Number of protein chains: 2
Amino acid sequence: MARAASTKGNTRIQRQKTTQILDAALEVFSTYGFRGSTIDQIAAQAGLSKPNILYYFDGKEAIHGVLLDRLLHTWLEPLEHLGESENPVDEICAYVTRKLEMSRDYPRESRLFANEILQGAPNILAELQGPLKSLTDEKCRLIQSWIDAGEIAPLDPHHLIFSIWSTTQHYADFDVQVKAVLGASTTDRFETAQTHLDHLFRSMLTPRRTDGI
Amino acid sequence: MARAASTKGNTRIQRQKTTQILDAALEVFSTYGFRGSTIDQIAAQAGLSKPNILYYFDGKEAIHGVLLDRLLHTWLEPLEHLGESENPVDEICAYVTRKLEMSRDYPRESRLFANEILQGAPNILAELQGPLKSLTDEKCRLIQSWIDAGEIAPLDPHHLIFSIWSTTQHYADFDVQVKAVLGASTTDRFETAQTHLDHLFRSMLTPRRTDGI
DNA sequence: ATGCACCCTGACCATTCGGTCAAGAATTTT
DNA sequence: AAAATTCTTGACCGAATGGTCAGGGTGCAT
């Protein structure tokens, strides 16, 4: 009787249609942003009628909300795994690689996040200030301990993480620009980017014998 | 008689109002994107009536177009100056600094650009493939010559430029996130970022004696 | 001060958008 | 197979949005 509030997918059809809708919504929202997207666009993308969309979700905002929730989980996961093996430099470079792979494999999620942040993060500000900040601070302490032990070069952990986020996500969010300037195929772009970023962060992190220039 | 097509500012009032409108539009467009912004919002931001806005501009798209035109010029300018002095490493680091200052001083322009690219650059794709690609390719040849001369470490010039763009613009486009994680004041944020990025690119660019890991 | 070009706006229009609803179609349960 | 539940949609609604226009106000040169 009661309509499926959000992801309440119990029946076979419910599961199929909700994922179908969410996939279409991700496509649309990640391209046009929340206010720039319409339910009709999502419906067309999903191959469903508008009322049918609204049968499964309580409204445009509800769909967007579900996408953001899932996104935050996916987005934080790689960072949580940082620091589970031994070599700090390899550890951080592995994180860079993982983030770059996510830009390659989940560009829509990256753009959805970028759109949300660009507009001032009206829906996820609390998550940024809470869970994201906590996790980031924790990993920064870990990085700082590596610095104190002399295992990596001294640098600002927070800004290091910002550099990792920005350089890797750039290949998803600014893909059109990268494509326009580079003109290479997708695999080529990401392969050369991988080599470059690995070199970048490795040369930055590896401690030098002499600290002077 | 004929209405001012775009920036046709001849009269005193025309000049004043058009800049007033463009400033308001920049504020709104950079926050909500093109499709997410309304003329009413721009009017309210500018302190003018909606018909008054449309008296000076031929429509929502025309305003957006003027902003994008000006933006592209402003945006390419720093890159054009790359390579006018001697020391390559200092030269590139100066470019990084300049770009970071632009993120600090013109965050709205940066976000406007990000919004446009995120949505697939529907209005400036030609500019990206033309002028931007030409200028970038030219500067990449310059960087390559520095590499060949052994003045900077060997790396992919295109990806180097992408890294510069992404790391610097991050502080404008993702400001909310940076603020949430860092919690520092604006000047603090940009000062520490400046130190960090200078260190990052300097350590990356400075050639090492031994090329091995 | 008066004529003229420039400037401004309330009222209005067509379209689009988010969302509803009743009634019919499909599916599952019994 | 019939009943019960779930699914689907055409038609519709009120609000918002981009844009128009006639008419009145304002500034300025002569």
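Chain A and chain B together bury about 5,100 Å², and 64% of that area is on carbon and sulfur atoms. The model is a predicted one, and the values here are computed from its atoms. On the side of chain A, 56 residues are in contact with 56 residues of chain B. Between the two chains there are 14 residue pairs in polar contact, both residues having pLDDT 80 or more. Salt bridges across the interface of chain A and chain B number 0.

Which elements of chain A give two or more residues to the side that touches chain B? They are H1, helix H6 (107–118), helix H7 (125–148), helix H8 (157–173), helix H9 (175–182) and helix H10 (186–205) of chain A. H8(A) provides the largest share of that side, 12 residues.

The two chains are related by symmetry. Chain A is superposed on chain B by a rotation of 180° with 0.0 Å of shift along the axis, and the RMSD is 0.0 Å. This is the relation of a two-fold axis. The same surface serves both copies, as 100% of the contact residues of chain A recur in chain B. Which residue of chain A comes closest to the rotation axis? It is Gly36(A), with its C-alpha at 2.2 Å.

Now take chain A by itself. Its secondary structure comes to 10 helices and 0 strands, so that the pattern along the sequence reads α-α-α-α-α-α-α-α-α-α. Along the principal axes, the C-alpha atoms of chain A fill a box of roughly 70 × 40 × 30 Å. Of the 213 residues in chain A, buried residues make up 50%. Among contacts in chain A with a separation of 6 or more, 69% are between residues 24 or more positions apart.

Helix H2 of chain A, residues 39–46, shows how burial is arranged on one element. Its buried residues are Ile39(A), Ile42(A), Ala43(A) and Ala46(A). Seen down the axis of H2(A), these residues fall within an arc of 100°, so they line one face of the helix. What does that set of buried residues pack against? The partners are helix H1 (12–36), helix H3 (50–56) and helix H4 (60–80) of chain A. After H2(A) comes Gly47(A), whose phi is positive, near 70°.

H2(A) also takes part in a charged pair. Lys50(A) forms a salt bridge with Asp40(A), the closest N and O atoms being 3.9 Å apart. Lys50(A) lies in helix H3 of chain A and Asp40(A) in helix H2 of chain A, so the pair ties together parts that are 10 residues apart in sequence. Lys50(A) counts as partly exposed because its relative accessibility is 36%, and Asp40(A) is partly exposed as well, with a relative accessible area of 45%.

Side chains of opposite charge can pair when their charged atoms come close. Over all chains, the count comes to 21 salt bridges. One of them joins Arg108(A) to Glu27(A), with the closest N and O atoms 2.9 Å apart. This pair links distant parts of the chain, since Arg108(A) is in helix H6 of chain A and Glu27(A) is in helix H1 of chain A, 81 residues apart. Arg108(A) counts as partly exposed, at 21% relative accessibility, and Glu27(A) counts as partly exposed at 30%. The pair belongs to a network of salt bridges that links Asp23(A), Glu27(A) and Arg108(A).

A further salt bridge is formed by the side chains of Glu138(A) and Lys139(A), at 3.9 Å from N to O.

Thr18(A) is buried, because its relative accessible area is 7% and the cut-off for buried is under 20%. What does its side chain reach? The side chain of Thr18(A) reaches the backbone oxygen of Gln14(A), at 2.7 Å.

Terms used: Residues are numbered from 1 along each chain as its sequence is written. Chains are lettered from A and ligands numbered from 1 in the order in which they are written. Side-chain values use heavy atoms; hydrogens and water are left out. Buried means under 20% relative accessible area, exposed over 50%, partly exposed in between (1.4 Å probe, protein chains only). Helices (H or I, at least four residues) and strands (E, at least two) are DSSP runs, numbered from the N terminus. The arc is that of the directions from the helix axis to the C-beta atoms. Contact means heavy atoms within 4.5 Å. Copies are superposed by least squares on the C-alpha atoms of residues with pLDDT of at least 70 in both. Buried area is the accessible area (1.4 Å probe) that two parts lose on being put together, summed over both. A salt bridge is a side-chain nitrogen of Lys or Arg within 4 Å of a carboxyl oxygen of Asp or Glu. A polar contact is a pair of N or O atoms within 3.5 Å; within protein, one must be able to donate a hydrogen and the other to accept it, and residues adjacent in sequence count only if both atoms are side-chain atoms.
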